[in-house]
Amino acid sequence: MKIVILGAGQVGGSLAESLASERNDIVLVDSDEKTLRELRDRLDIGVVIGHAAHPDILLEAGIEDADILVAVTNNDETNMVACQIAHSLYRVPTKIARVRAGAYLQHPQLFDTPAIPIDVLISPEQLVSEYIARLMEYPGALQVLDFADGRVQLVAVRAVQGGPLVGHQLRYLREHMPKVDTRVAAIYRRNSPIIPQGDTVIEAGDEVFFIAARADIRAVMSELRRLEHGYKRIVIAGGGNIGLRLAHKLENRYSVKLIEQSHERCVFLSEALSHSIVLHGSASDQDLLLEENIEDTDVFLALTNDDEANIMSSLLAKRLGARKVMTLINNRAYVDLVQGGEIDIAISPQQNTIGSLLTHVRRGDMVNVHSLRRGAAEAIEVIAHGDNRTSKVVGRKIEDIDLPEGAAIGAIVRETEQGSEVLIAHDNVVVETNDHVIVFLVDRRQTRHVEQLFQVGFSFF
């Protein structure tokens, strides 16, 4: 596909890197010549220097025969105008735009063809706040990803000594929990992937990705580590768009305190939130944290736009007794450095956003794409179409499907007259047409193979 990406920031650059490695024709547009030159030297992409919403610049980028426009500049208005021009002048089939301002997002009727023609709206702040809210539901989880509208979840946990399954083979899980069906999709041991087999032994320190119906998640987690008590007291550092959205989501279920440096923003936050306590000050102020009983805090969330400030305030909160700290980090190089030490979970907004973008860029009937392990791995939800003549998966048992190395089907969600049925993927399960199939890929470079696997033959049409 030919894809024009507007904006060479963290999201645009990372997306270009992901898509270029899948042999797409990528053109990246930005006004920053230095950034574009660095990306062009590193990736096999075209670049155009200029204003992303100017028709002549879009034409230079090849917009007239583009399949997809992805507008992810730092300016909402630029992204919206670029989509309008791409539609009105060049009839680009698919237009994706990042829009951050809540003032726009409150009016979804703006974003349709008669008004501003955007096919897919991406809000990083919304995606990140939803991601953190899911982590709150499962204390001890490193990642929680939804599939099939939340009916199935993929969860990553760190196995700890004392967990019932630690030191045992995976097949022991089924014997120990005969009423709970789950599948371990992947294990990462000292940052290297292991493809799970029945005789694979779980070791303390393993990062285990398992998939199960939503109702069974806690039961499976309890096999890998002692279940933690639920969270009650939350402190959020940073009252920007993410901090505000998250406080809105959490304040009716938890005791929430929000720390913000700007007095003017504090006034706005106190009016916008109903139950949260808004504190004016710095999250790196030890006296303020002690005064607010940081030692009794269940989760400290550092969500400002400054990576260094987030890291330092998280380290301070942890040293002062916060039970768990989660830190928003934009610089991907920092994520691996900090997670798993003093900082429990490092949250990358780029990975959340890119997964959502990839859902709409990939071939095949993709419903969800989640980027994992800093982009090295992926979990995808794809709908199977066709029949046993036109499809390489429909009508076949899972053991007979030609999956690439490092790929595993984790679960299937099937609509029946009685409602949705969750089938954990065992070798004898047969894939039917319209099944939602959830596939885990240890190596995301195999994504193209999986896409081809789920494409139907011409006789289907």
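In which helix does Thr353 lie? Thr353 lies in helix H14, which is shown in the view of H14 below. The model is predicted: local features need pLDDT of at least 70, side-chain atom pairs count only at pLDDT 80 or more, and totals for chains, interfaces and linings use all residues. Residues are numbered from 1 along each chain as its sequence is written, and side-chain values use heavy atoms, with hydrogens and water left out.

**Figure 1. Overall view of the protein.**
The secondary structure comes to 15 helices and 22 strands; helices (H or I, at least four residues) and strands (E, at least two) are DSSP runs, numbered from the N terminus. The radius of gyration is 23 Å, close to the 23 Å that the globule rule gives for 461 residues, so the protein is as compact as a globular protein of that length. That radius is taken over C-alpha atoms, and the globule rule is 2.2 Å times the number of residues to the power 0.38. The C-alpha trace spans about 70 × 60 × 45 Å along its principal axes. Of the 461 residues, 54% are buried, where buried means under 20% relative accessible area, exposed over 50%, and partly exposed in between (1.4 Å probe, protein chains only). Among contacts between residues at least 6 apart in sequence, 61% join residues at least 24 apart; a contact means heavy atoms within 4.5 Å. The protein exposes about 20300 Å², with carbon and sulfur atoms supplying 46% of this area. Accessible areas come from the Shrake-Rupley method with a 1.4 Å probe, and for residues only the protein chains shown count as cover.

**Figure 2. Segments listed by UniProt.**
An unreviewed UniProt entry lists residues 1-122 and 231-347 for "domain: RCK N-terminal". UniProt positions are given in the numbering used here, feature names are shortened, and annotations may be inferred rather than shown by experiment. Over residues 1-122 the chain is 38% helix and 22% strand, with end C-alpha atoms 20 Å apart. Over residues 142-226 the values are 16% helix and 36% strand, and the end C-alpha atoms are 14 Å apart.

**Figure 3. Two loop residues with positive phi.**
Ala148 is found in the loop between strand E7 (141-147) and strand E8 (152-158). Its phi is near 50°, a positive value in a residue other than glycine. Ala148 counts as buried because its relative accessibility is 4%. Asn191 sits in the loop between strand E9 (182-189) and strand E10 (192-194), with phi near 70°, again a positive value in a residue other than glycine. Asn191 counts as exposed because its relative accessibility is 62%.

**Figure 4. Asp306 at the start of helix H12.**
Asp306 is placed in the loop between E15 and H12. At 37% relative accessibility, Asp306 counts as partly exposed. A side-chain oxygen of Asp306 reaches to within 3.0 Å of the backbone nitrogen of Glu308, and the side chain of Asp306 also reaches the backbone nitrogen of Ala309 at 3.0 Å. A polar contact is a pair of N or O atoms within 3.5 Å; within protein, one must be able to donate a hydrogen and the other to accept it, and residues adjacent in sequence count only if both atoms are side-chain atoms. Asp306 and His370 are 64 residues apart in sequence and 25 Å apart in space, C-alpha to C-alpha.

**Figure 5. Helix H12 and its cover.**
H12 (residues 307-319) has 13 residues and reaches 18 Å from its first C-alpha to its last, close to the 18 Å expected at 1.5 Å a residue. The expected span is 1.5 Å times one less than the number of residues. The buried residues of H12 are Asp307, Asn310, Ile311, Ser313, Ser314, Leu316 and Ala317. An α-helix has 3.6 residues a turn, so residues three or four places apart point the same way. Cover for the buried residues of H12 includes helix H11 (286-291), strand E15 (299-302), strand E16 (324-328) and helix H13 (332-338). Just after H12, Gly321 takes a positive phi of about 115°.

**Figure 6. Helix H14 around Thr353.**
The end C-alpha atoms of H14 (residues 349-361) are 19 Å apart, which agrees with the 18 Å that its 13 residues should span at 1.5 Å a residue. H14 is mostly covered, with twelve of its 13 residues buried; among them are Pro349, Ile354, Leu357, Leu358 and Val361. Thr353 counts as buried at 1% relative accessibility. A polar atom of the Thr353 side chain lies 2.9 Å from the backbone oxygen of Pro349. Leaving aside residues up to four places away in sequence, Thr353 touches Val11, Ile122, Pro124 and Leu127.
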